Amino acid sequence: MSMFSAFNINASGLTSQRYRMDVISENVANANTTRTEDGTPYRRKVVTFAQKGDQTSFSRVLGSVSLYHGYSGQGVKVDGVYEDTETEMNMVYDPSHPDADENGYVTYPNVNIITEMTNLIDASRAYEANATAFNASKSMALQGLQLTQQ
């Protein structure tokens, strides 16, 4: 694996996790949004990731790996952002609310702040891990350049 491949893999991880944190922040900001542009309550969004490049099966990678030829990934990409339709919306009795139905219930988004904060910590740690790996790759490249100058 070349040093630039390592940089690209780490950079793709940084970009993907930053995007995930942006979506989580959007969920938290809209935790009490009962009416969006289309008139419905906000729905929680979820980011999914996929491997960049060709999808190689594990058995093929395992069979082709030897001492001299390793497998090199190509990084990660955002596969999509989807609305969470599995989690129930929150129904709160508040007949004075302008968005209350005929029974006095208001439909609030399916955003759970604890879940979102847990996901935010997870994304933050993954971002930090990618930043650390990027810095390690950069340090190795710099040491290699210093060796060639001597």
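Because the model is predicted, local features require a pLDDT of at least 70 and side-chain atom pairs count only at pLDDT 80 or more, whereas totals for chains, interfaces and linings use all residues. Residues are numbered from 1 along each chain as its sequence is written, and side-chain values rest on heavy atoms, with hydrogens and water left out.

The protein chain contains three helices and four strands, where helices (H or I, at least four residues) and strands (E, at least two) are DSSP runs numbered from the N terminus. Their order from the N terminus is α-β-α-β-β-β-α. Of the 150 residues, 23% are buried; buried denotes under 20% relative accessible area, exposed over 50%, and partly exposed the range in between (1.4 Å probe, protein chains only). Of the contacts (heavy atoms within 4.5 Å) between residues at least 6 apart in sequence, 69% join residues at least 24 apart.

Tyr19, Phe49, Val78 and Val81 make a nonpolar surface patch of about 280 Å². Patches consist of residues with over 30% relative accessible area and no salt bridge, like charges being joined within 9 Å and nonpolar side chains (Val, Leu, Ile, Met, Phe, Trp, Tyr) within 5 Å. Tyr19 belongs to helix α1 and is partly exposed, at a relative accessible area of 35%.

Seven salt bridges were found in the whole structure, each defined as a side-chain nitrogen of Lys or Arg within 4 Å of a carboxyl oxygen of Asp or Glu. One of them pairs Arg20 with Asp122, with the closest N and O atoms 3.0 Å apart. Arg20 lies in helix α1 and Asp122 in helix α3 (residues 113–149), so the pair ties together parts that are 102 residues apart in sequence. Arg20 is buried, at 15% relative accessibility, while Asp122 is partly exposed at 42%. Beyond residues up to four places away in sequence, Arg20 touches Val47, Phe49, Asn119, Asp122 and Ala123.

A further salt bridge joins Glu26 and Lys45 (3.3 Å, N to O). This pair links distant parts of the chain, with Glu26 in helix α1 and Lys45 in strand β1 (residues 45–51), 19 residues apart. Salt bridges that share partners also join Arg44, Asp84 and Glu116 into one network. Within helix α1, Asp22 and Arg18 stand four residues apart, about one turn of the helix, and their side chains form a salt bridge (3.2 Å, N to O).

Technical notes: Accessible areas come from the Shrake-Rupley method with a 1.4 Å probe; for residues, only the protein chains shown count as cover.
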